[in-house]
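Keep the structure open beside you and look up each residue as we reach it.

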Protein chains: 2
Amino acid sequence: MTGQRDASADLPLVDLERARAVSEQLLVAVGARRDHARATVENLLFADRSGIASHGLLRLPLYAAAVRAGGINADPRMRWVTEAPGAALLDADAAFGQVAMEEVLRWIGEQRGRAATVAVAVQSSSHFGAGGYWTRRLAEAGWVAIGVSSTGPTVVPFGATQKVLGTNPLSISLPARDGEPLTADLATSTGAYGKVIAARNAGTAIPEGWAVDAEGRPTTDPEAAMAGALTAFGGHKGSAVAVLIEGLSGVLGGSSFAFETEDIWSNPASRMNVGHLVIAIDPAAFAGAESTAARVQQLRDAVRGAGEGVLAPGDPEATARAQRQQRFPLAPSTIEAIDRMAVELGTPRLGDASSDPAP
Amino acid sequence: MTGQRDASADLPLVDLERARAVSEQLLVAVGARRDHARATVENLLFADRSGIASHGLLRLPLYAAAVRAGGINADPRMRWVTEAPGAALLDADAAFGQVAMEEVLRWIGEQRGRAATVAVAVQSSSHFGAGGYWTRRLAEAGWVAIGVSSTGPTVVPFGATQKVLGTNPLSISLPARDGEPLTADLATSTGAYGKVIAARNAGTAIPEGWAVDAEGRPTTDPEAAMAGALTAFGGHKGSAVAVLIEGLSGVLGGSSFAFETEDIWSNPASRMNVGHLVIAIDPAAFAGAESTAARVQQLRDAVRGAGEGVLAPGDPEATARAQRQQRFPLAPSTIEAIDRMAVELGTPRLGDASSDPAP
């Protein structure tokens, strides 16, 4: 959840309960089970409430389109391919990534007291939303948690011209004494693809260093960037991390690499075979849960105290969530996209009561 | 092992066997056990052979000084504080970090077939050399491996003035079919501290973005950088990763954070209480060892094929090692520092046969 915050000051506010109901009904209308719709929508709402619009309801109509086109399977037969103490592989049968991850979290919860270190790989999954949502929930349950995922092809390795990598998110959460896990959650691309699209639509340039054109030359032109690729963050170091996350996400679970797949954002019928890997470690087997949570708190305090206005990872998102308990800002274009689909499906619209929700 | 390559063309070549013997005798002379000296020196030689001079024999006289001053304990009583299937905490009693890591790798090896996912935390350790050496050895033994460590205080979080973080290395290795693990190994600082010192000595500027002065302002003046701090790589994203690595390295094992300790490089008597965390995952419990190694190979091939001259993570280091099987280049200042100490201790010198080793 780092660095993809929206400029939300002028956006209409939507009511959280209404957005939840409208979104769930929309996914149910395209064929999702009620509990699957709920799990998916909760993840998207968490992102919007955290100020991460790129992973919020913006994705809802895209998910719904993918269900209708066959890229996401709304009635999956998920199956555990292998299971051992502390290690398992889930075949998600093209489910919503969120549905796959709920099953992963359920399985990890069952390991408490059986295995102190747990790794779960997922194959045949799809977009799981904001990764920090999942590691944060594990940390709320007391685990030290690391999560990675593959995505569609978007990013060039350092110095390259072919986008063989995805935006390959990495999230890490540590349980903290105040109850709010210390969380880093980042795409390993320099900038968000959604912001490149926004710049194209607005006719503005993108920041230097974000993208290369089709010949691999640096560009600030969003059109050229979309014909080319995003760069990995942090130069050759970030590129190395991105390559290894591509590996961690895929090689244990047998999912597709980015360069072997096609994004549902460009082809909603694409069965992407996304891979995830989640690692969870129980502090009780080490220095203890209490000591760990106390030390995480001290680390966060030290970072916050390291200079004027310095924030610890996750602070901006936690602040946004605290302010968005009943309502949250949402881009008109997102409201319109949801409502176009709602009208088509005969489900309730979001926009007709967006700023002034009915009682 | 990414991005700290030396410009070695004009350096004298030293004989590997001779360097090994001289270095081991030097550590034994300050009180190290023969097997501890050997483990430590192998790790340093691996770095020099890989072209990572910053983690090679450059450190040897510093280690020896730390042993003599008490910062490193040459006769440690290491002890497993907790042990469970797949999870353990080692108290390294201020041993060489390399000695602690040899014990960690031994313990992980014993877990094969007992636990498919393993995490080992280490407290009261010291500098473990190049992190990729350890994860690479685990991957050679078939594990998917992740390793992190704390260090002394060197790095400011994004936008901060206080160096509450270390250079916090991250290494990840995946077993590959050709036998050479796919490895990313990076400090989470933008540049290496050793290169800042080198620029100061040479009277040159350091690259933009590497450092801030004591007031937190960006600087290219190496003196100002040394009075200030290094930046984390990759802007706010890399800073978030660095903070979470600080946490992963320390909170499970109960070691010190960077801001609570003092580097042995500045005070060789400092007992740093460095923390490490190693995670190892057995592919046999997932898609299988053979499938995993084949997929890693495909990923590496795809990265290499992503553009003209593109290298996969670890490629430059593997090339350097292939060329340095009997001899390797070493900076005259390193040879002199080792030989000054050798003369003092009455052990064999490196320099007297550096370019033309005696038979």
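A:Arg112 is partly exposed, with 37% relative accessible area. Keep in mind that this is a predicted model, and that every value here was computed from it. Side chains of opposite charge can pair when their charged atoms come close. The partner of A:Arg112 in a salt bridge is A:Asp282, with 3.4 Å between the closest N and O atoms. Where do these two sit? A:Arg112 belongs to the loop between helix 4 and strand 4 of chain A, and A:Asp282 to the loop between strand 12 and helix 9, so their pairing ties together parts that are 170 residues apart in sequence. A:Asp282 has a relative accessible area of 9% and is buried, because anything under 20% counts as buried.

A:Arg349 and A:Asp339 meet through their side chains in a salt bridge, 3.9 Å from N to O. A:Asp339 is in helix 11 of chain A, while A:Arg349 is in the segment after that helix, 10 residues apart.

Now turn to chain B for a pair within one helix. B:Arg304 and B:Asp301 form a salt bridge, their closest N and O atoms 4.0 Å apart. Both are in helix 9 of chain B, 3 residues apart, which is about one turn of the helix. B:Arg304 is partly exposed, at 34% relative accessibility, and B:Asp301 is partly exposed too, at 42%. Salt bridges can also share partners: A:Arg136, A:Glu140, A:Glu180 and A:Arg321 are joined into one network in this way. Over all chains, the count comes to 43 salt bridges.

Charged groups can also sit over aromatic rings. In chain B, the charged end of B:Arg112 is over the ring of B:Trp143, 4.4 Å from its centre. In chain A, A:Arg59 lies over the face of A:Trp265, 4.6 Å from the ring centre. Rings pair with one another as well: there are 13 aromatic pairs over all chains, and ring pairs link A:Phe46, A:Tyr133 and A:Trp134 into a cluster.

Next, look for strand 12 of chain B, residues 274–281. How many of its residues are buried? The number is 8 of 8, so this strand is largely enclosed by the rest of the structure. In a regular strand the side chains alternate between the two faces of the sheet. Here B:Val274, B:His276, B:Val278 and B:Ala280 are buried on one side, and B:Gly275, B:Leu277, B:Ile279 and B:Ile281 are buried on the other. Strand 4 of chain B runs antiparallel to strand 12 and is joined to it by 7 bridges, with B:Ala119 partnering B:Ile279. Strand 5 of chain B is also antiparallel to strand 12, joined by 6 bridges, and there B:Gly147 stands opposite B:Val278.

Finally, step back to see both chains. Chain B can be laid on chain A with an RMSD of 0.1 Å by a turn of 180° and a shift of 0.0 Å along the axis. That is the relation of a two-fold axis. The C-alpha of chain B nearest this axis belongs to B:Gly234, 1.8 Å from it. Because 100% of the interface residues of chain B are also interface residues in chain A, the copies meet through the same surface.

Definitions and conventions. Residues numbered from 1 in each chain as written. Chains lettered and ligands numbered in written order. Predicted model: local features only at pLDDT ≥ 70, side-chain atom pairs only at ≥ 80, totals over all residues. Heavy atoms only, no water. Buried < 20%, exposed > 50% of the residue type's maximum accessible area, 1.4 Å probe, protein only. Helix = DSSP H or I, 4+ residues; strand = E, 2+ residues; numbered from the N terminus. Pairing = 2+ DSSP bridges. Phe/Tyr/Trp six-rings, centres within 6.5 Å; stacked < 30°, edge-to-face > 60°. Lys NZ or Arg CZ within 6 Å of the ring centre and 35° of its normal. Least-squares fit on C-alpha atoms with pLDDT ≥ 70 in both. Contact = heavy atoms within 4.5 Å.
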